[in-house]
Amino acid sequence: MTAIIALSLLGILNLFLGFWLSRKTIQAATLLFLAGSMALTAMDWNHEMLWYGHMFHTTNTSISFSLIIQLAAFMVVSFSKGFGIDEEHTHPAEYYAILLFSVVGAILMVSFDHLIMFFVGLEILSVAMYVLTGSDKRNLRSNEAALKYFLMGSFATGILLFGITLVYGATRSFYLVNIAQAIANTPPESTPVFLSIGVLLILVGFLFKISAAPFHFWTPDVYEGAPTIFTMFMSTVVKAASFAALYQLLSGPFGTMYGTWVYPIYYISMLTLLVGNITAVYQQSAKRMLAYSSISHAGYMLLTVSANQASTPSTILYYSLSYTLATIVAFGVVMLVAEYQTGRTEKPENFSSFEGLAKQNPGLAFCFTIALLSLAGIPLTAGFWGKFFVFSDIFNRHVYYPVILAIVMSAVGVYYYFKGIIAIYFKEGDIERIELPGLVKFAMWACTLGTLLLGVYPSIVKNLF
Amino acid sequence: MYLLFILLFPLLIGSALLIFKPKNAFAISLAASIIELAATAFVLQEASLNPVSFSAPWVAEAGLSFSLYVDGISGVLIGLCALLVPFIVATTANTDRANNSQFQGLMLAMQTALMGAFLAKDAFLFYFFFEASLLPIYFLAAIYGGENKNAITFKFFVYTLFGSLFFLIALVYVYLQTPGEFHSADMEVLYQTAKGLSADQQGYLFAAFFLAFAIKMPVFPFHTWQPDTYTVAPAQGTMLLSGIMLKMGTYGVIRLVLPMFPLGVATWGLTASILSVIGVIYGSIIAIQQKDAKRLLAYSSFAHVGLMSAGILSGSIEGIQGALYQMLSHGINIIGLFFVIEIIERRTKSREIAQLGGITQFSYPLTVTFVILSLGSVALPLTNGFIGEFLLLKSVFDQNLTLGIIAGITIILGAVYTLRLIQKSMFGNVSRITADFADLTFAEKAVLIPLSALVILGGIFPSTVLGFSEPAVQQLIQWFK
């Protein structure tokens, strides 16, 4: 809890640091701030508490998600080196400050006990993301992405807010506990129709945020247009926070309305899996492929949410963590290779620009391979267990068709992730040794070893609660 | 603890090779694989008295444990794996792969994955290694492979992975039916649980399991990845694939499919047997027409494994015992044969059967060992191939006479393509490219002569192995009845 206060203050402090300190020092300071806030967050472990007039609830689940979010932010900051934007126009202090603020928003989203608190968290996170997407202001694509994201995002937020209003109208409360009680106390036949509509509208808002099909159209453009470092942040933090929030809403207050929301989720998750995976196959750009892969992972995670089992929160947690670790490395390598090649005529994020990476950069190639294998869900990596837990959760509900589809789609996934592996190992190219700053190296190896460790011994996370 | 050692030792040395890249990788790798063989022999010695096991918690909250187990069945397979790897490592001697630490490291990593699949008592652990073994072999084949390697190895990877995913899902299904809050994936518990499922459910589950194993073996019509992959992979990769890795498929059918789904086998077993026998005949006929010697062996391997699969699916003691024995013999014979082709290719730069001839005039030892290994593969009496093939054919005959007769043709067809290969390459006129064929080096003899000796020893003393595996097979059959 103290973490969000600390992060907000440190964010402001960060803005002022920009006057005096160099970019490198600010980066170090931001890392220090995040490490501190992680420690503060972890201190609440096993102290379940309600704050701010019962609007903010720290539980072990919410703390775990907060930690994942801060860990992701930590890794992203470690990777940030000029943000992939030309030095002259960057204002690093601002970006670091915005990152810290958005982490606050994300933490609110995973710890809310009140719909307004949730909405505030979502908006803090979203507005920060709109700004960061457009941060490469001389780049047309970045501008386009920011505008697109902003327009679509605001629209989705509106729908979400409308849903919240309807739910409030039906239950006369914003508190999750009271909503749950109100729904439970009303006999099914006298439940107002607009309650269901409200729930579905909230769901639509969420589906937009997690880029589930058919609300995914903004994702590839925004992910591709945004500077890679912020794409990395978007695809990990926003996703983890949104899924945690979605699960908390659906399993908590709307848990008794299982029948209302579960079928839309089934169909949407199937559609998302199909669209995400099949479109990813046709991508020439690694960055765009990763964008579609993030859509497809949303499909797997939606399946877990729909299972709504006792083990579901730990599955979402595990999946988010494994996805986060792998995605950070994958985008990180894309960013490094693209940076190395700026100035070339071909699009630097295409698979073809990775060719021959392994020859001079075996470490980079190894990390990228592990990340892609994990995203593909191959054993020995964390991604395998993520999929395994998802499938076993959903199987417990005796639901089969979505699982079979998900299996087939995982095989399709192997196809496009391996395009990257084939390019770096088995194609000829002339990439020379890419020198990595110490922090980048650290973040990359930490994520890779984490992926392998979770792949061999998943209990460390699953045992948390 | 011994089991943990024989599981992890190759990986340990293999990753050390991959990370530190020492100069003398060959010596290290050979020494490691021999130590592994000695340790495995020790474990088998123990296991011949009583099954050896090891267990540690793994994913406790999902009921998965890291449990390893050696009985008569897995004993044969880990014996095979530990026995063949030193030979496969030795085949790299004096080539540019000998001191390539990456190549040797990947081979040792592969050994751990294979050992793990055979040692696993927890079905998920089996799946874990079953899949993990794809990674080292994929990289071996894709880095060191021949022409058009990217597309072919990729097809291999995706194809086999696709099948395994169905296996995974069926496994999860059965696993969720197991009693207890956390469930369990221990094989015995799964046997017990699966027994309670209806014939319909068992049928579907059988199909999903068998699909994965049929692709791995491969069984007709899931074999299309196999000839290309065997041909394009480097010789050692092909040896690992055909000598050991395909046995994961047959082992999986024995270990998981038969005891878990007796009703499924009753419904679908005959269909699967027919497919297997089609593979036997189809593979043999195509082998006869091959121009490339390595491809010929690939199809012969496809034909042999079809017979193993049909024998296992008959569900009789003879079938399973025969399959176990044949897995061992086939492993020994096929890596010997692939090595012979590799030797020829090294010297003549060609595998085209039509271009070869008259090698016997230059290298008598090569001819003798080649003939012995081939006769083992043809299943001549007094060779190891005979024992296994005889038992397998008997089991298929007992199950279905027509199928048995058709499968029996394999012996004739096998003789045709194998003898044709010997005749065209070893005898006849010396061709342009075989004109200055150098005799075998010491390292090559050191591989081929022991392997040939094993072919004959295996034909004379089958009871050592069959007696070792019999109690475990008897026990397994109880689940099936």
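Visitor: How are the residues, chains and ligands labelled, and what limits apply to a predicted model?

Guide: Residues are numbered from 1 along each chain as its sequence is written, while chains are lettered from A and ligands numbered from 1 in the order in which they are written. As this is a predicted model, local features need pLDDT of at least 70 and side-chain atom pairs count only at pLDDT 80 or more, whereas totals for chains, interfaces and linings use all residues.

Visitor: Where in chain A is confidence lowest, and where is it highest?

Guide: The lowest mean, 79, belongs to helix α19 (residues 459–462) of chain A, and the highest, 93, to helix α5 (residues 115–133) of chain A. Such helices (H or I, at least four residues) and strands (E, at least two) are DSSP runs, numbered from the N terminus.

Visitor: What makes chain B as compact as a globular protein of its length?

Guide: The secondary structure of chain B comes to 19 helices and 2 strands. Its radius of gyration is 21 Å, close to the 23 Å that the globule rule gives for 481 residues, and therefore chain B is as compact as a globular protein of that length. The radius is taken over C-alpha atoms, and the rule is 2.2 Å times the number of residues to the power 0.38.

Visitor: Why is A:D393 called buried?

Guide: A residue is buried if 20 or more other C-beta atoms lie within 10 Å of its own, exposed if 12 or fewer, and partly exposed in between, with C-beta atoms placed from the backbone. A:D393 has 24 C-beta neighbours inside 10 Å, so A:D393 counts as buried. This residue is found in helix α16 of chain A.

Visitor: Why is A:N308 called partly exposed?

Guide: A:N308 has 19 C-beta neighbours inside 10 Å, so A:N308 counts as partly exposed. It is found in the loop between α12 and α13 of chain A, and has a positive phi of about 50° although it is not a glycine. Most residues other than glycine have a negative phi, and most peptide bonds are trans.

Visitor: Which peptide bond involving B:P218 is cis, and how do you know?

Guide: The bond from B:M217 to B:P218 is cis, with omega near 0°. A cis peptide bond also joins B:F220 and B:P221, with omega of about -5°. B:P218 lies in the loop between α9 (199–216) and α10 (226–232) of chain B, and B:P221 is placed in the loop between α9 and α10 of chain B.

Visitor: How do you know that the length of α15(A) agrees with that of a helix?

Guide: The expected span is 1.5 Å times one less than the number of residues. For the 15 residues of α15 (residues 362–376) of chain A this should be 21 Å, and the end C-alpha atoms are 21 Å apart, which agrees. Just after α15(A), A:G377 takes a positive phi of about 85°.

Visitor: What makes α15(A) and α5(B) largely enclosed?

Guide: In α15(A), 12 of the 15 residues are buried, so α15(A) is largely enclosed by the rest of the structure. In α5(B), 10 of the 10 residues are buried, so α5(B) is likewise largely enclosed. Elements covering the buried residues of α5(B) include β2, α4 (101–119) and α6 of chain B.

Visitor: How do you know that β1(B) and β2(B) pair?

Guide: Two strands pair if DSSP finds at least two bridges between them. Strand β1 (residues 52–59) of chain B and β2(B) pair in the antiparallel sense over 7 bridges. They form a hairpin with 4 residues between them, and B:G63 in the turn has a positive phi of about 75°.

Visitor: How many residues of chain B are in contact with chain A?

Guide: Contact requires C-beta atoms, placed from the backbone, to lie within 7 Å. By that test, 21 residues of chain B are in contact with 22 residues of chain A. The largest share of this side of chain B, 12 residues, comes from α7(B).

Methods
Contact = placed C-beta atoms within 7 Å. pLDDT = per-residue confidence, 0-100.
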